[in-house]
Amino acid sequence: MASARALRERVRKELTDEIVEIAKAQLADRGAENLSLRAIARDLGMVSSAVYRYFPSRDDLLTALVTDGYNSVGTAVEQADEAAAADDFAGRWRSVGQALRSWAIEHPHEYALLYGSPVRGYHAPETTLQAAMRDKVVLGRIISDAHRAGVLRTPPTAQTTPESLGGDLERVRSAVLPAVPDEAVTAALAAWSGLFGMLNLELFGHFNNIIDDRAALFDQALTRLAELAGLPT
């Protein structure tokens with residue numbers, strides 16, 4: 001009985017994985033808003049009702065794609081961080097940034113699903129949050145480690161943190177930047193925004209006919225963004 005149950009579970013996982021892979025191809029061909037469970041069933045040679053047993057709706061399939069994408073990019077940046085010297089904080093930042101760019105170029109349609117325009121009518125459930133946080137946790141850990149080592153440069157500021165922003169900064173600090181002061185949290189958010197802004201400009205074609213050597217530009221930007229985040233370079 002146990003072996004039969006294990007076989008059913010393995011078959012279910014294999015078919016679920018196959019559905020997700022076909023859905024990734026659909027992302028490239030027709031976009032997230034036009035994912036079709038019926039078309040996936042045709043590709044599998046199954047009746048659509050069989051596919052609906054695995055994914056009852058388009059939103060359930062989108063959630064699987066979102067979770068898979070975040071876990072994939074999360075694994076890439078975690079491995080990149082582990083490959084760099086632990087006390088080379090700017091080097092870790094650059095390694096993670098390059099891993100993000102490589103993943104985005106290799107998976108442009110999944111990147112667009114995760115970091116591009118929201119899919120109309122779809123709201124990612126809280127079950128995606130753990131996967132979605134993986135890359136943020138890595139970036140936050142680099143800055144937090146530099147702060148604990150006493151080498152994070154807190155940027156001077158002519159402005160005090162607005163009271164209205166205090167709760168937001170505390171939320172970020174408690175999630176990914178423990179013990180980091182407000183000014184450094186703000187700088188980290190600006191650096192993270194710059195990192196993904198560079199990727200979005202490249203991936204969504206805004207550098208076309210403007211920047212030819214995008215790899216060199218991104219490498220230069222990573223160093224500037226590390227400085228903005230307060231990391232010693």
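The following paragraphs describe the overall fold of this predicted model and then the surroundings of one of its helices, H6.

Local features are reported only at pLDDT of at least 70 and side-chain atom pairs only at pLDDT 80 or more, whereas totals for chains, interfaces and linings use all residues of this predicted model. Residues are numbered from 1 along each chain as its sequence is written, and side-chain values use heavy atoms, with hydrogens and water left out.

The chain contains 11 helices and 0 strands, where helices (H or I, at least four residues) and strands (E, at least two) are DSSP runs numbered from the N terminus. Its pattern along the sequence is accordingly written α-α-α-α-α-α-α-α-α-α-α. The C-alpha trace spans about 65 × 50 × 40 Å along its principal axes. Of the 233 residues, 40% count as buried; buried denotes under 20% relative accessible area, exposed over 50%, and partly exposed the range in between, with a 1.4 Å probe and protein chains only. The accessible surface comes to about 12600 Å², and 52% of this belongs to carbon and sulfur atoms; such areas come from the Shrake-Rupley method with a 1.4 Å probe, and for residues only the protein chains shown count as cover.

Contact, here meaning heavy atoms within 4.5 Å, gives a further view of the fold. Among contacts between residues at least 6 apart in sequence, 69% join residues at least 24 apart. The chain is divided into domain 1 (1-56) and domain 2 (58-229), with bounds from an automatic or database domain assignment. Taken over C-alpha atoms, the centres of domain 1 and domain 2 are separated by 31 Å. Domain 1 contributes 13 residues to the contact and domain 2 contributes 12 residues.

Attention now turns to helix packing. Helix H4 (residues 58-83) and helix H6 (residues 108-115) pack at an angle of about 105°, their axes lying 10 Å apart. Axes are lines fitted to C-alpha atoms, for helices over the stretch in contact, and angles run from 0 to 180 degrees between N-to-C directions. H4 is therefore roughly perpendicular to H6, since angles of 65 to 115 degrees count as roughly perpendicular, those under 35 as roughly parallel, those over 145 as roughly antiparallel and the rest as oblique. On the H4 side the contact is made by Leu-62, Leu-65, Val-66, Asp-68, Gly-69, Tyr-70 and Val-73, which meet Glu-110, Leu-113, Leu-114 and Tyr-115 of H6. By class, this contact has 8 nonpolar, 1 polar and 2 charged residues; Ala, Val, Leu, Ile, Met, Phe, Trp, Tyr, Cys and Pro count as nonpolar, Asp, Glu, Lys and Arg as charged, and the others, Gly among them, as polar.

H6 also packs on helix H5 (residues 89-106), at an angle of about 110° and with axes 5 Å apart. H5 and H6 are therefore roughly perpendicular to each other. Trp-103, Ala-104, Ile-105 and Glu-106 of H5 make this contact with Pro-108, Glu-110, Tyr-111 and Leu-114 of H6. The residues comprise 6 nonpolar, no polar and 2 charged.

Two individual residues complete the picture. Leu-114, in helix H6, counts as buried at 11% relative accessibility. Apart from neighbours within four places in sequence, Leu-114 is in contact with Val-66, Gly-69, Tyr-70 and Trp-103. Lys-24, placed in helix H1 (residues 2-30), is buried with a relative accessible area of 18%. With the same exclusion of neighbours within four places, Lys-24 is in contact with Leu-65, Asp-68 and Glu-110.
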